[in-house]
Amino acid sequence: MIKTAKEMELCLCRACASAFYNIPSYRIVRKDPYQTEKEACTYCGTRLGYDFLVSTKANVQKGVRHRIRTLESEAENE
C-alpha cells in the first residue's frame, strides 16, 4: 500500500468510521482486517473501534472531458 503525505492512522468506532465513509473526499480502509482487539476511538473517545488508515483523495478534474465533448457537440451543430 502506498502511503501519502496526508494519510492518518486512527482508531475509529463504527459510528465515527461511517462519518468518514460518507465524505467522498476521504478514503478509509482498515489497517489490519484481522484485528480482534478493540481500542478507544480517537475521534469520539467513548466507544471502542479498530485501526483505520484515513487519507484525502486526490483532486481530479473530471470536467475537462465534459467540456471537450460540449465543444465538439457545439461544433457539430454549426
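Contact here means heavy atoms within 4.5 Å. By that rule Ala17 touches Leu12, Ile28 and Phe52, leaving out residues up to four places away in sequence.

## Basis

The model is predicted: local features need pLDDT of at least 70, side-chain atom pairs count only at pLDDT 80 or more, and totals for chains, interfaces and linings use all residues. Residues are numbered from 1 along each chain as its sequence is written, and side-chain values use heavy atoms, with hydrogens and water left out.

Helices (H or I, at least four residues) and strands (E, at least two) are DSSP runs, numbered from the N terminus. Buried means under 20% relative accessible area, exposed over 50%, and partly exposed in between (1.4 Å probe, protein chains only).

## Helix α1

Helix α1 spans residues 14-21. Cys16, Ala17 and Phe20 are its buried residues. Seen down the helix axis, they fall within an arc of 100°, so they line one face of α1. The arc is taken over the directions from the helix axis to the C-beta atoms.

What do the buried residues of α1 pack against? Their partners are β1 (8-12), β2 (26-30) and β4 (48-56).

## Nonpolar core

A nonpolar core is a set of buried Ala, Val, Leu, Ile, Met, Phe, Trp, Tyr and Cys residues joined through side-chain atoms within 4.5 Å. The largest one has ten residues: Leu10, Leu12, Cys13, Cys16, Ala17, Phe20, Ile28, Cys41, Phe52 and Val54. β1, α1 and β4 are the elements that each give two or more residues to this core. The most come from α1, with three.

In soluble globular proteins, nonpolar side chains tend to be buried together.

## Aromatic pairs

Rings of Phe, Tyr and Trp (its six-membered ring) pair if their centres lie within 6.5 Å; planes under 30 degrees apart count as stacked, over 60 as edge-to-face and the rest as tilted. The count is two aromatic pairs. In one, the rings of Phe20 and Tyr26 have centres 5.5 Å apart and planes at 90°, so the pair is edge-to-face. Phe20 is buried at 9% relative accessible area. Tyr26 is partly exposed at 27%.

Phe20 also pairs edge-to-face with Tyr43, at 5.5 Å centre to centre and 70° between the planes. Phe20 lies in α1 and Tyr43 in the loop between β3 (39-40) and β4, so this pair ties together parts 23 residues apart in sequence. Tyr43 is exposed, at 55% relative accessibility.

## Charge over a ring

The charged end of Arg30 sits over the ring of Tyr50, 4.0 Å from its centre. The rule asks for NZ of Lys or CZ of Arg within 6 Å of the ring centre and within 35 degrees of the ring normal.
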